[in-house]
Amino acid sequence: MTRTADPRPPRFDRAWLLFGVVPLAVLLAAPRPSIAADGFLAVALACPAGIEAPACSRENATDMLVQPAGQFDCPRVGQVLATHLGLAPGERHKIVCERRKG
């Protein structure tokens with residue numbers, strides 16, 4: 001016995017429209033702020049061995065990486081920057097989110 005293809009056209013599934021197309025359209029149409037729209041800077045500081053992280057600042061850091069970021073992306077961008085710091089043994093890092101000046 002051989003099977004033949006169903007000659008009827010495929011049935012339109014309303015559930016697919018409701019749960020597949022509509023959420024995709026909402027995601028594509030939703031406003032997305034640009035990364036630097038909020039005017040923040042993600043700063044990753046390499047703190048010397050003798051200085052604790054709370055006392056570490058731009059003035060006494062041994063290495064510093066800065067990148068523009070949005071208000072809600074800033075901590076995550078700072079963590080990524082911190083992975084690129086060249087930390088010597090005993091050094092620590094500090095992540096700071098600063099509002100841009102100007």
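Contact here means heavy atoms within 4.5 Å. With that in hand, here are some notes on this predicted model, starting from the residue where the word matters.

1. **A42 and its surroundings.** Setting aside neighbours within four places in sequence, A42 is in contact with L65, V66, Q67, A69, C74, V77, G78, L81 and V96.

2. As general background, nonpolar side chains in soluble globular proteins tend to be buried together.

3. **C56, a loop residue.** C56 is found in the loop between β1 (40-47) and β2 (63-69). Is C56 buried or exposed? With a relative accessible area of 3%, C56 counts as buried because the cut-off for that word is under 20%. Not counting residues up to four places away in sequence, C56 touches L45, A46, C47, I51, A61 and K94. C56 and H93 are 37 residues apart in sequence, yet their C-alpha atoms are 8.6 Å apart in space.

4. **The sheet.** Three strands form an open sheet in the order β2-β1-β3, with antiparallel pairing. The edge strands, β2 and β3, each pair on one side only. Direction ignored, neighbouring strands are turned by 20° against each other on average. Between β1 and β2, which run antiparallel, there are seven bridges; one to look up is that of A44, whose bridge partner in β2 is L65. The helix α2 packs on this sheet and touches β1, β2 and β3, its direction making about 35° with that of β1.

5. How many salt bridges does the structure hold? It holds three. In one of them, the side chains of R92 and E52 meet at 3.1 Å, N to O. This pair links distant parts of the chain, with R92 in strand β3 (residues 92-99) and E52 in the loop between β1 and β2, 40 residues apart. R58 forms another with E98, the closest N and O atoms being 2.9 Å apart. Since R58 lies in the loop between β1 and β2 and E98 in strand β3, this pair also ties together parts that are 40 residues apart in sequence.

6. R58 is partly exposed at 35%, and E98 is partly exposed with a relative accessible area of 26%.

7. **The remaining salt bridge.** D73 and R76 meet through their side chains at 2.8 Å, N to O. Here D73 is partly exposed, at 25% relative accessibility, whereas R76 is exposed, with a relative accessible area of 52%.

Methods: Residues are numbered from 1 along each chain as its sequence is written. This is a predicted model: local features need pLDDT of at least 70, side-chain atom pairs count only at pLDDT 80 or more; totals for chains, interfaces and linings use all residues. Side-chain values use heavy atoms; hydrogens and water are left out. Helices (H or I, at least four residues) and strands (E, at least two) are DSSP runs, numbered from the N terminus. Buried means under 20% relative accessible area, exposed over 50%, partly exposed in between (1.4 Å probe, protein chains only). A salt bridge is a side-chain nitrogen of Lys or Arg within 4 Å of a carboxyl oxygen of Asp or Glu. Two strands pair if DSSP finds at least two bridges between them. Axes are lines fitted to C-alpha atoms, for helices over the stretch in contact, and angles run from 0 to 180 degrees between N-to-C directions.
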